[in-house]
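Colleague: I'd like to learn how to read a model like this one, starting with the strands and then moving to the ligand. Can you walk me through it?

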Amino acid sequence: MFDDLHPIVSTHENFDSVLVPQDHVSRSKNDTYYVTEDTVLRCHTSAHQLSLLKQGEKKFLVTGDVYRRDTIDATHFPVFHQMEGVRVFTKCELSSTELAPQDFVSQELKSMLEGLAKHLFGEVELRWVDAYFPFTDPSYELEIFFNGEWLEVLGCGVMQKQILNGASLVDEEAWAFGLGLERLAMVLFDIPDIRLFWTNDERFSKQFKAGMFRSGGHNMQKFKSYSKYPPCYKDVSFWLPNVSKFTENDLCEIVRSTAGNLVEEVKLIDEFHNPKTNQVSNCYRITYRSMDRSLTDEEINTLQDCVREALVTSLGVTLR
Ligand code: PHE
């Protein structure tokens, strides 16, 4: 079990070592935080798979903070935590079954994770969705029905042979999974907003104690939500620059760096194309809400003005 691996890793570890193609979106500066040209804040704990396998680890968990540039809503935050699990099967273990090795490993993986989900949640609706990860084949995502929608809680699959071979494991097979810990805790405790993990409000933190989970999750006390403060909605409309480099993640980063944790959601509510001028207009609705106090009109107006200004200076849009 590794929980102190450094979150700044090389692009080789974060991408190449797990076979992420050169043109994969996750390599872009729009999706990943680059520290230098060849180091990043890891965007997943899978960045450590290969080096741990090379060290001879055959069965391991890695937990740590991971970082992603992303859109803003109640379940996304630019830093969150993952737990990675990897289990290698020896030639001998694989020969004990009639199944093709990959099918066997796949089956083991799914039944282990279903067991985990049952243990954590008791009776909960879950479903497997076929997925794509460069480092596993086949790949799956496990989704849990929560708050009226399907929430992805983990990705997993049978590890690509090429990765194992790179660690001199030639006759072996392995599975791997990566679990989003905040997502899991949100479902377990009924926590409605991911920003709550980052408040200093004792009404939140006092409800949790180390070890309280040990007796099996589903009987546990749910989070007792204290009254929510009212949200404040602000719309901003703008024409995109002609040769547009605009991305929603850039907008979100501006909002996040201006409003910090006071922003709850950034959502595109209208988009249209003017065929005459060939220009595109976007309208975004920004929801501001504090987790622990009331916001004043004045404060929100100031934030919104800063966002509008940064949109013009940093992204070159034309406000409407
Ligand atoms: N690294 C993947 C993610 O961040 C999750 C994953 C881990 C998928 C291991 C497959 C195997 O989403």
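Modeller: Start with a hairpin: β11 and β12 form one, with four residues between them, and in the turn N278 has a positive phi of about 60 degrees. Strands here are DSSP runs (E, at least two residues), numbered from the N terminus, and two strands pair if DSSP finds at least two bridges between them. Mind that this is a predicted model, where local features need pLDDT of at least 70, side-chain atom pairs count only at pLDDT 80 or more, and totals for chains, interfaces and linings use all residues. Residues are numbered from 1 along each chain as its sequence is written, and side-chain values use heavy atoms, with hydrogens and water left out.

Colleague: How many bridges join β11 to β12?

Modeller: 10, and the two strands run antiparallel. Strand β12 covers residues 279–288. For a landmark, find L268, which stands opposite Y284 in β12.

Colleague: In what order do the strands of the open sheet come?

Modeller: The four strands go β11-β12-β10-β13, with antiparallel pairing. β11 (263–274) and β13 (318–319) are at the edges with a single partner strand each, so one side of each has no neighbour in the sheet. β13 pairs with β10 (residues 232–239) over two bridges, and F238 has L319 in β13 as its bridge partner.

Colleague: And which way should I expect side chains to point?

Modeller: In a regular strand they alternate between the two faces of the sheet.

Colleague: Now the ligand: which residues come nearest?

Modeller: Near means a heavy atom within 4 Å. Of the 14 residues around the ligand, H44, S46, R68, Q82 and G178 come nearest. The shell divides into five nonpolar, seven polar and two charged residues, with Gly counted as polar.

Colleague: Which strands supply the shell?

Modeller: β5 (79–89), β8 (149–159) and β9 (173–180) each supply at least two residues. β9 gives the most, with three.
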